[in-house]
Amino acid sequence: MDRQAVDYRDERKTVDYIESLPESSRAELIEGRVFDMAAPGRFHQEIVSDLTWSIQNYSRGKKGGCKVYPSPFAVYINNDKYNYLEPDVTVVCDRDKLDNKGCHGAPDWVIEVISPSSVWLDCVIKLEKYRTSGVRLYWLINPDRRLVNVYDFENKASGVYGFDERIPVSIYPDFGIRMDELLAE
């Protein structure tokens, strides 16, 4: 998704501000800084849709307790008033973190699909936010380069995978995803 920081003269915003925006507006909040979110493109949405379906199918087939949500889905990442995110795909295994508003605390697995204008936000700012907040697994998907950066924070490991490689999912030891198979028409 395209995201751009909004200049509020360094005025720190809260979740109340985000929740007061019109429903047609989408924004994220990181340490009180607002980032507007543009509508994603078609291929971006195909990736999000196919991943959500694949992960949900796997979890249900294993009778797992994890829930899978595509964006827009509210993640109050630090369960505080200065951080609110809407990852492209969110996987939450601790249902005590869920209520009708979204997820309160760190999800288990977060997936972001990057675009040229969101590289800095997704690859630097969010990477650090997810790492420090307790997210176990973070995937950064670059559709233009056909690469997936995997950050397994729980096991202190990382790797880069091509769309033609099986990407292991550390929170599900017997599950892997090949992006080219997933996106095949």
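You will find Arg146 in the loop between β10 and β11. Helices (H or I, at least four residues) and strands (E, at least two) are DSSP runs, numbered from the N terminus.

Glu31 also has a positive phi, near 50 degrees, and is a residue other than glycine. Glu31 sits in the loop between β2 (27-30) and β3, and at 41% relative accessibility it counts as partly exposed.

## How to read the model

This is a predicted model, in which local features need pLDDT of at least 70 and side-chain atom pairs count only at pLDDT 80 or more, while totals for chains, interfaces and linings use all residues. Residues are numbered from 1 along each chain as its sequence is written, and side-chain values use heavy atoms, with hydrogens and water left out.

## Overall build

The chain has 4 helices and 14 strands. A compact globule of 185 residues would have a radius of gyration near 16 Å, and the chain agrees, with 16 Å; this radius is taken over C-alpha atoms, and the globule rule is 2.2 Å times the number of residues to the power 0.38. Along the principal axes, the C-alpha atoms fill a box of roughly 45 × 35 × 30 Å.

Of the 185 residues, 46% count as buried. The accessible surface comes to about 9500 Å², and 46% of it belongs to carbon and sulfur atoms; these areas come from the Shrake-Rupley method with a 1.4 Å probe, and for residues only the protein chains shown count as cover. Contact means heavy atoms within 4.5 Å. Among contacts between residues at least 6 apart in sequence, 57% join residues at least 24 apart.

## Two nonpolar cores

A nonpolar core is a set of buried Ala, Val, Leu, Ile, Met, Phe, Trp, Tyr and Cys residues joined through side-chain atoms within 4.5 Å. The largest one has 27 residues, of which Leu51, Ile55, Trp109, Trp139, Tyr172, Ile177 and Met179 touch the most other members. Two or more residues each come from α2 (42-61), β6 (89-92), β9 (109-113), β10 (137-142), β11 (147-152) and α4 (179-182). Helix α2 gives the largest share, 5 residues.

Leaving aside neighbours within four places in sequence, Ile177 is in contact with Leu51, Ser54, Ile55, Trp109, Trp139, Glu165, Arg166, Ile167, Val169 and Leu182. Apart from this core lies another, of 18 residues, among them Cys103, Ile114, Leu121 and Tyr138.

## Aromatic rings and their partners

A search of the whole structure finds 10 aromatic pairs. Rings of Phe, Tyr and Trp (its six-membered ring) pair if their centres lie within 6.5 Å; planes under 30 degrees apart count as stacked, over 60 as edge-to-face and the rest as tilted. Phe35 and Trp120 form a tilted pair, 6.4 Å centre to centre with 50 degrees between the planes. This pair links distant parts of the chain, 85 residues apart: Phe35 is in strand β3 (residues 33-37) and Trp120 in helix α3 (residues 119-133). Phe35 is buried, at 4% relative accessible area, whereas Trp120 is partly exposed, at 46%.

Tyr69 and Phe73 form a stacked pair, with centres 4.0 Å apart and 0 degrees between the planes. Phe73 is buried, with a relative accessible area of 13%. Elsewhere, Tyr130, Tyr138, Tyr151 and Phe153 form one aromatic cluster.

The peptide bond from Ser71 to Pro72 is cis, with omega near 0 degrees. Pro72 is found in the loop between β4 (67-70) and β5 (75-76).

Asn79 belongs to the loop between β5 and β6. Not counting residues up to four places away in sequence, Asn79 touches His104 and Gly105. The C-alpha atoms of Asn79 and Ala106 are separated by 8.3 Å, with the two residues 27 apart along the chain.

Key
Buried < 20%, exposed > 50% of the residue type's maximum accessible area, 1.4 Å probe, protein only.
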